Amino acid sequence: MELSIGLPDGLLMRVQQGKSLTLYEADHATVRRSIDCSCLDGAEIVDIVWSHKLSAVIAAVPVRHQLFRWDAYTDTLQEYAGTGEKGRRDGRIAQAKFASTVSITESGDGRLWFVDKDSSSLRYIEIDTDRPDGGPQVVTVIGRHGAGYQDGPADEAQLNHPEDLQVLYDGSIVVADTGNHAIRHLDLNEMEVFTTYGGPDQDPNEFDDDDFKLEAPVRVTVADSQLWVDDANGRHMLEPKYV
């Protein structure tokens, strides 16, 4: 899968075959810069996001259990977060541990939200712009008790090897909870987790198509107030809930 994101001034950053980063001019065709990715030792980038608070691109590299950073002042990708040792540990980014981060996005308040597949968790990085280095801290919101299936208060809720997330228009979060065959929703005002579609015991009458069953969703996207999900059965538009 080819990844690309828009940068300020109309520039485009593109990941090709997961192994190379290229910066394009505003025409999205002319190459401005090829980024040195040798620090990855061949590991694959699976997602990228532009952080407005950091003025930098953050890349998720699950095999390394780390996040990497590129900004306009360097030609290279550099380690940004994680020790490289697999695990789940919060706190300062240099000491934090990650377990196969497969999706990352930015919310309106500048938090970098991400899912760790192998620790079955939803987490974020908080950046304090009043501090010279941003003082970034890693916080786990869902997944403090390992893999499983449980709704309710976020600090008690469980996911099962999630693979994607999306920030909705109201700031809440939806997660493609792959192992539970479900779409989960986090209400940040109440800090409650709900299953909006699917689940281990999903109702066969939940969908208009009697033959459809949500199976191992891997991608969730919101476009024009519609929720799109990619799962083992293809790509589907679901009736909007909490969108």
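Reader: How many residues sit between E19 and E20 in their hairpin?
Author: There are 2 residues between E19 and E20, and Asp224 in that turn has a positive phi of about 50°. Strands here are DSSP runs (E, at least two residues), numbered from the N terminus. The model is predicted, so local features need pLDDT of at least 70, side-chain atom pairs count only at pLDDT 80 or more, and totals for chains, interfaces and linings use all residues. Residues are numbered from 1 along each chain as its sequence is written, and side-chain values use heavy atoms, with hydrogens and water left out.

Reader: OK, how many bridges join E19 to E20?
Author: 5 bridges join E19 (residues 219-223) to E20 (residues 226-231), and the two run antiparallel. Two strands count as paired if DSSP finds at least two bridges between them.

Reader: And what stands opposite Thr221?
Author: That's Trp228 in E20. On E21, Met237 stands opposite Trp228.

Reader: Which way do E20 and E21 pair?
Author: Antiparallel, over 5 bridges, with E21 covering residues 234-238. E20 and E21 also form a hairpin, with 2 residues between them.

Reader: Switching topic: what's the strand order in the open sheet?
Author: The order is E14-E18-E17-E16-E15, 5 strands with antiparallel pairing.

Reader: Why is one side of E14 and of E15 left without a neighbour?
Author: E14 (152-153) and E15 (164-167) stand at the edges with a single partner strand each, so one side of each has no neighbour in the sheet.

Reader: Which residue in E16 is the bridge partner of Gln166?
Author: Val174. E15 and E16 (residues 173-177) run antiparallel and are joined by 4 bridges.
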